[in-house]
Amino acid sequence: MKTEVVRKNNIEIAVVSSDELVITDVQSALDLIMTVSYETGCTNIAINKEAIIDDFFVLSTCLAGEILQKFINYGVRFAVYGDFSNYTSKPLKDFMYESNRGKDFYFQPTASLAVDRLTGCADNR
């Protein structure tokens, strides 16, 4: 796992990238929150989708809701970046659309767009 701190608009974002799974369940999401907070002091995290278990993107597992609740409870804003074009589930697409309209959790195609969303430098899409 590689973590890079990006500063934009006077906000620091921890951009995490990994070829291995980092988030596999609620506990691993909490571990990520605590590790990033301790190592960087950031309360904004962007992570590549390949670092998240596929069950997260199957809404019927409830894993996404449980994990996102932990991020909200700990005051951490979160973005997942990557290519989501292979997901065909309408409920997932609706969830992604509504998340992108909010202020705490985003799905973006690139790390730079994820940073823009977390720093308020991009419009809601």
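## Lining of the largest cavity

By class, the lining of the largest cavity comprises five nonpolar residues, no polar ones and one charged residue, where Ala, Val, Leu, Ile, Met, Phe, Trp, Tyr, Cys and Pro count as nonpolar, Asp, Glu, Lys and Arg as charged, and the others, Gly among them, as polar. The lining residues are Leu68, Phe71, Ile72, Val76, Asp104 and Phe105, and the largest share of them, three residues, is contributed by helix α2 (residues 63-73). Helices (H or I, at least four residues) and strands (E, at least two) are DSSP runs, numbered from the N terminus.

This is a predicted model, in which local features need pLDDT of at least 70 and side-chain atom pairs count only at pLDDT 80 or more, while totals for chains, interfaces and linings use all residues. Residues are numbered from 1 along each chain as its sequence is written, and side-chain values use heavy atoms, with hydrogens and water left out.

The structure holds one cavity of 30 Å³ or more, and about 30 Å³ of space lies in the largest cavity. A cavity is a set of points, on a 1 Å grid over the protein atoms alone, where a 1.4 Å probe fits but cannot get out, and its lining residues have an atom within 4 Å of a point; grid points are joined across faces, edges and corners, and the volume is the space filled by probe spheres set on the points.

Ser112 and Tyr81 are 31 residues apart along the chain, and their C-alpha atoms are separated by 8.9 Å. Just after α4, Gly120 takes a positive phi of about 75°.

## Gln108 in strand β5

Gln108 is placed in strand β5 and counts as buried at 4% relative accessibility. The side chains of Gln108 and Asn100 are joined by a polar contact of 3.5 Å. With neighbours within four places in sequence left aside, Gln108 is in contact with Val80, Tyr81, Gly82, Phe84, Asn100, Leu113, Ala114 and Arg117.

## Cysteines and positive phi angles

A search of the whole structure finds zero disulfides, a disulfide being a pair of cysteine sulfur atoms within 2.5 Å. Cys42 is buried at 3% relative accessibility, whereas Cys62 is partly exposed at 44%.

Cys62 lies in the loop between β3 and α2 and has a positive phi of about 65° although it is not a glycine. Asn9, found in the loop between β1 and β2, likewise has a positive phi, near 55°, in a residue other than glycine.

Notes. On a 1 Å grid over the protein atoms alone, a cavity is a set of points where a 1.4 Å probe fits but cannot get out, and a pocket is an open set with protein on both sides within 12 Å along at least five of seven lines; lining residues have an atom within 4 Å of a point. Buried means under 20% relative accessible area, exposed over 50%, partly exposed in between (1.4 Å probe, protein chains only). A polar contact is a pair of N or O atoms within 3.5 Å; within protein, one must be able to donate a hydrogen and the other to accept it, and residues adjacent in sequence count only if both atoms are side-chain atoms. Contact means heavy atoms within 4.5 Å.
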